Amino acid sequence: MKLQTQIPLQSEPNNQIDYHSKIALFGSCFVENIGEKFNYFKLQNFQNPLGILFHPLAIESLVANAINSKTYTEEDIFFHNEQWHCYEAHSKLSSDNKDDLLHALNNAVQSTNQQIHQATHVIVTLGTAWVYRYTASDVIVANCHKVPQKQFTKELLTVDEISESLQAIVALIKSVNPKASVIFTVSPVRHIKDGFVENTQSKAHLVAAIHQVVEPRKQQYYFPSYEIMLDELRDYRFYKADMLHPNDIAVNYIWEKFKQVWISEKAHKTLNEVDVIQKGLQHRPFNPNSNSHKAFLQSLKDKQNQLQQSFSHIVF
């Protein structure tokens, strides 16, 4: 008996991810879900240097500023609610010290520049097509930082506007790293603060725009994380308590699908070896001073050393 419709997926024939790959991830909070998997399995990755970015224009701004080596100054930040903020960055970078914020912003630009030049794969996850324009400067922001809403106008990006932004992101990346593969996804997290109908409209614009840009011959791809969540996992037991964000079961399921498509078969053995070590490190013994536990720790250490001889970047 078949109790589920499944999205047909095929392993990518070229440019798959392995332990030599360098992956840059930009975008919505779903980047962090998949990014946690990359961290756990010790794959080389770089995630959201300016924090979570929900819409394509914010990601385009980050990529452009990084490639152009922008220097942030006091003109780019502002003081609100006892902290310094930047409209181009998530509030996790905000600080009560403006020099610390500027240092963090400029470090993010430098590291992003370096990572884009080196990346074998760039994963861009879009969360919403709704944006907020700061009326005083007539600029679309990445984050409103709880500034009163009357100072912004809310807009829905058109399919063409999103498509142009995505094409700009790809062109910028390829201008310094023509061999990079760019993988687009749409976050399955629903933004119901915009409204249920409005969220559906937003996601539809994102999906339509991405498919105007996807072109495997040019190493521009789409991974259907959004469709997997909505179709294969169409039950609230796969959501966190807020009924909006995928829970651990869902994230693990989508990761397995991503692994099937994008992780090289040769890397699976190393993934399994890392998993054994990670689970061993999480083990809590009944008697930490026993000879058996000491032997277990030594075996674990030997496995770590063996892996590090093959992949020097792996550190537990």
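1. Let me start with lysine 70, which comes out as partly exposed at 22% relative accessibility; on this scale buried is under 20% relative accessible area, exposed is over 50%, and partly exposed is in between (1.4 Å probe, protein chains only). A word on the basis: this is a predicted model, where local features need pLDDT of at least 70 and side-chain atom pairs count only at pLDDT 80 or more, while totals for chains, interfaces and linings use all residues. Numbering runs from 1 along each chain as its sequence is written, and side-chain values use heavy atoms, with hydrogens and water left out.

2. What does lysine 70 pair with? Its side chain meets that of glutamate 88 in a salt bridge, 3.5 Å from N to O. The term stands for a side-chain nitrogen of Lys or Arg within 4 Å of a carboxyl oxygen of Asp or Glu. Glutamate 88 sits in the loop between β4 (83-85) and α3 (98-118), and lysine 70 in the loop between α2 (56-67) and β3 (78-80), so the bridge ties together parts 18 residues apart in sequence. Glutamate 88 is partly exposed too, at 25%. Asp76 joins in as well: Lys70, Asp76 and Glu88 are linked in a network of salt bridges.

3. Another one worth a look is glutamate 232 with lysine 257, whose closest N and O atoms are 3.6 Å apart. Glutamate 232 belongs to helix α6 (residues 225-232) and lysine 257 to helix α7 (residues 248-262), so this pair ties together parts 25 residues apart in sequence. Both glutamate 232 and lysine 257 are buried.

4. Glutamate 215 and lysine 218 also form a salt bridge, at 3.9 Å from N to O. Here glutamate 215 is partly exposed, with a relative accessible area of 24%, and lysine 218 is partly exposed at 46%.

5. Now the overall fold. The chain has nine helices and ten strands, where helices (H or I, at least four residues) and strands (E, at least two) are DSSP runs numbered from the N terminus. Its radius of gyration is 21 Å, close to the 20 Å from the globule rule for 316 residues, so the chain is as compact as a globular protein of that length. That radius is taken over C-alpha atoms, and the rule is 2.2 Å times the number of residues to the power 0.38. Along the principal axes, the C-alpha atoms fill a box of roughly 70 × 55 × 40 Å.

6. Buried residues make up 50% of the 316. As for contacts (heavy atoms within 4.5 Å), take those between residues at least 6 apart in sequence: 70% of them join residues at least 24 apart.

7. Two individual residues to check by eye. Glutamine 16, in the segment before β1 (23-27), is partly exposed at 22%. Leaving aside neighbours within four places in sequence, glutamine 16 is in contact with residues including His121, Val261, Trp262 and Ile263. Serine 202 is 186 residues from glutamine 16 in sequence and 30 Å from it in space, C-alpha to C-alpha.

8. Asparagine 247 lies in the loop between α6 and α7 and is buried, at 13%. Not counting residues up to four places away in sequence, asparagine 247 touches Arg237, Phe238, Tyr239 and Lys240. Its C-alpha atom is separated by 29 Å from that of histidine 20, 227 residues away along the chain.
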